[in-house]
Amino acid sequence: MLVNQLRIGVQSWCFRTYHTTDEVISAVLSSGLDAVELCGVHLDINDATAVAMALARYREGGVTVTAFGVTGMPNDEAACRPVFEFAHQAGFGAISADPDPDAFDLVEGLCAEYGVNIAIHNHGRHHRYGAVRDLEAVFARTSPHIGLCLDTAWMLDSGENPVMIARHFADRLYGVHIKDFTFKRDGSSEDVIVGTGNLDLPALFSTLKEINFNGYATLEYEGDESNPIPSVQACVAELRKI
């Protein structure tokens with residue numbers, strides 16, 4: 001599905017109670033989409049045979065794999081290389097990641113080797129890369145191979161306006177997780193249908209168009225894990241209104 005000429009996929013984590021590739025393909029298509037960002041729940045990237053079979057099955061099923069993650073990246077080449085191999089095989093340009101602070105030299109070398117970028121996923125006020133100042137510090141000491149996967153809901157959790165943050169990091173914005181929260185009085189968050197909580201969905205897409213964003217755009221809804229498809233369909237319906 002295209003929104004303002006931007007292809008929208010869905011995070012396979014939404015379907016984390018589904019176990020097979022065929023179940024995920026069916027869930028993606030039933031949601032009204034034809035692209036997926038896979039997570040480790042649905043693919044062991046260290047198993048070359050499983051990777052080849054999964055990619056073939058997604059192609060046959062009419063679903064494009066647009067990204068992978070969120071994956072940890074320690075300062076260990078053997079641990080990191082398989083995800084770069086997978087990105088190269090699948091043909092996408094950025095990996096959703098949570099790299100260890102001492103791993104950036106290693107990761108940048110792998111990025112250059114494979115022609116694949118890293119998109120750091122911000123994960124809220126308590127995360128090591130959750131604050132804007134923490135992301136700025138990383139980008140100040142790394143090359144453009146290291147960018148941002150802007151999770152809009154978790155940026156809200158950090159007390160920031162994700163639309164403004166998309167503009168602020170426009171030159172390092174490689175992915176977006178389209179996700180929405182409401183907040184209780186104690187500060188705890190709750191997943192809601194995108195655009196019905198605190199995320200200004202039209203403004204987000206207007207800004208992405210304005211900054212010529214060309215990375216991956218992934219819908220994510222973590223609620224209703226035992227029966228996620230109706231809620232993901234409702235999210236897709238909100239996106240179609242834009």
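1. A residue is called buried when its relative accessible area is under 20%, exposed when over 50%, and partly exposed in between (1.4 Å probe, protein chains only). The structure is a predicted model, in which local features need pLDDT of at least 70 and side-chain atom pairs count only at pLDDT 80 or more, while totals for chains, interfaces and linings use all residues. Residues are numbered from 1 along each chain as its sequence is written, and side-chain values use heavy atoms, with hydrogens and water left out.

2. Helix 4 buries Phe104, Leu106, Val107, Glu108, Leu110, Cys111 and Tyr114; helices (H or I, at least four residues) and strands (E, at least two) are DSSP runs, numbered from the N terminus. These buried residues pack, by contact (heavy atoms within 4.5 Å), against strands 5, 6, 7 and 8 and helices 3 and 5. After helix 4 comes glycine 115, with a positive phi near 65°.

3. Leaving aside neighbours within four places in sequence, phenylalanine 84 is in contact with residues including Val107, Leu110, Cys111 and Tyr114.

4. Strand 4 (residues 64-68) has four of its five residues buried. Strand 3 (residues 35-38) pairs with strand 4 (at least two DSSP bridges are required) in the parallel sense over four bridges.
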